[in-house]
Amino acid sequence: MLPPHSPGLVNLCLSLDGLEPTSQILNFEYRAPSVHDPVVSSEDKSKWEEFHLQMRLAYLLFSTSKTLDVLSNKLSPTNLKEAKKFALKTSNISNSWAYLIKAIEDGGISVAQAKDVFFELSLKNTIREWLLERVLEGCKTTGYDAQGLGVIHLCAIIGYTWAVYLFSWSGLSLDFRDKHGWTALHWAAYYGRYGHAFCCFNLQFFCVASFGFFKF
């Protein structure tokens, strides 16, 4: 068995004591191990792209948190009332944790599926808290990430249909435009997220019928 060695030519011969050669000296070449580029399947590539978007969403949520502002400012009675309404409407999110735990305990879900659900549920709870902060402060607009997209736009690209209802209940505009002028509906349609686009369109159509305005 040959010991590890840097690539290149070395002398090879037989010896009884490790000093005196007992055979003809031959050249032996150590070669560097061949490196092959890993083959990434289209499915893996899609999962990595989705994970990257989820990371962007999570970073945007944490980096634009208003917890300290909310705690340090005096809240208006109106904003506090709206926040309580929003919290009540979205209280069912807490039940999702119980369903996930039960599914895991019953063995009705794989580890991979459980991790995906856990990650999405964590983002859902974070977005709920993030929106609650804005309701308490009376904000009607949100910030952008480094690529100019807001939370609602990233949710539309990923296909998080539930985010449409959270934004609608919070009072924040579903028509909020990114730095390029696109709405969540534009992004949902562009990426083929028809369920998300359908929800956006229905809720925006409801605004037209109720309040007589629509922007696209």
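Helices (H or I, at least four residues) and strands (E, at least two) are DSSP runs, numbered from the N terminus. This is a predicted model, in which local features need pLDDT of at least 70 and side-chain atom pairs count only at pLDDT 80 or more, while totals for chains, interfaces and linings use all residues. Residues are numbered from 1 along each chain as its sequence is written, and side-chain values use heavy atoms, without hydrogens and water.

Q: What makes up the chain, and in which order do the elements run?
A: The chain has nine helices and two strands. From the N terminus, the order is β-β-α-α-α-α-α-α-α-α-α.

Q: Why is M55 called partly exposed?
A: Buried means under 20% relative accessible area, exposed over 50%, and partly exposed in between (1.4 Å probe, protein chains only). M55 has a relative accessible area of 40%, so M55 is partly exposed. M55 lies in helix α1.

Q: How much of the chain counts as buried?
A: Of the 216 residues, 31% count as buried.

Q: What makes a nonpolar core, and which residues of the largest one touch the most other members?
A: A nonpolar core is a set of buried Ala, Val, Leu, Ile, Met, Phe, Trp, Tyr and Cys residues joined through side-chain atoms within 4.5 Å. The largest has 38 residues, and L57, I127, L131, V151, Y160 and F167 touch the most other members. Helix α5 gives the most to this core, with eight residues.

Q: Which residues does F167 touch?
A: Contact means heavy atoms within 4.5 Å. Leaving out residues up to four places away in sequence, F167 touches W130, L131, V151, I152, L172, S173 and L174.
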